[in-house]
Amino acid sequence: HSMLYSNRALASSKLQRWAEAEDDCSRALKLGPENLKALWRRATARKELGRMSDALEDVEKLLKELPNDAPARAEADELHRKLLKMATTPKEQTTGFRRMEIVEESSSDE
């Protein structure tokens, strides 16, 4: 049943096990695509996992069903801001090598 996975996702979220929560929500949505709580919980898990685009996609689906939902609207606005900031912020180089010079000091005892 869809609600079982959705409820387990809530428990996983409380324990900050975001990947498990996302997985359970996806399972819940396969069984019951109308389960809006699972959609909201998956959006939250995806946001915590740093998957902002996926989280925004879930929130936008939720807003199609509940266009006047203030928390969902606020979440969508926040995700839009974060995605815009990510797109305009230069990424630090995290791979590859940097050239470093190694200088040996001579000891005065020699």
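Eleven salt bridges are present in the structure, a salt bridge being a side-chain nitrogen of Lys or Arg within 4 Å of a carboxyl oxygen of Asp or Glu. The model is a predicted one, in which local features need pLDDT of at least 70 and side-chain atom pairs count only at pLDDT 80 or more, while totals for chains, interfaces and linings use all residues. Residues are numbered from 1 along each chain as its sequence is written, and side-chain values use heavy atoms, with hydrogens and water left out.

One of these salt bridges joins the side chains of Asp58 and Arg42, with a distance of 2.8 Å from N to O. Because Asp58 belongs to helix H4 (residues 52–65) and Arg42 to helix H3 (residues 36–48), the pair ties together parts that are 16 residues apart in sequence; helices here are DSSP runs of H or I with at least four residues, numbered from the N terminus. Both Asp58 and Arg42 are buried, where buried means under 20% relative accessible area, exposed means over 50%, and partly exposed lies in between, as computed with a 1.4 Å probe on protein chains only. A further salt bridge links Asp54 with Arg51, whose closest N and O atoms are 2.7 Å apart. Asp54 is partly exposed at 24% relative accessibility, and Arg51, with a relative accessible area of 31%, is partly exposed as well.

An α-helix has 3.6 residues a turn, so residues three or four places apart point the same way. The side chains of Glu78 and Lys82 form a salt bridge with an N to O distance of 3.2 Å. Glu78 is partly exposed, its relative accessible area being 25%, and Lys82 is partly exposed at 32%.

Helix H1 (residues 2–14) consists of 13 residues and spans 19 Å from its first C-alpha to its last, close to the 18 Å expected at 1.5 Å a residue, the expected span being 1.5 Å times one less than the number of residues. Within H1, the residues Ser2, Ser6, Ala9, Ser12 and Ser13 are buried. Seen down the axis of H1, the buried residues fall within an arc of 115°, so they line one face of the helix, the arc being that of the directions from the helix axis to the C-beta atoms. Leu4 and Lys14, by contrast, are exposed on the other side of H1. The buried residues of H1 pack against H2 and H3. After H1 comes Gln16, which has a positive phi near 60°.

The loop between helix H2 (18–31) and H3 contains Asn35, which counts as buried at 8% relative accessibility. The side chain of Asn35 reaches the backbone nitrogen of Ala38 at 3.0 Å, and such a polar contact is a pair of N or O atoms within 3.5 Å; within protein, one atom must be able to donate a hydrogen and the other to accept it, and residues adjacent in sequence count only if both atoms are side-chain atoms. When residues up to four places away in sequence are not counted, Asn35 touches Ser2, Met3, Ser6, Ala28 and Leu29, contact meaning heavy atoms within 4.5 Å. Leu29 itself lies in helix H2 and is buried, with 12% relative accessibility. Beyond its neighbours within four places in sequence, Leu29 is in contact with Asn35, Ala38, Leu39 and Arg42.

Notes
Helices (H or I, at least four residues) and strands (E, at least two) are DSSP runs, numbered from the N terminus.
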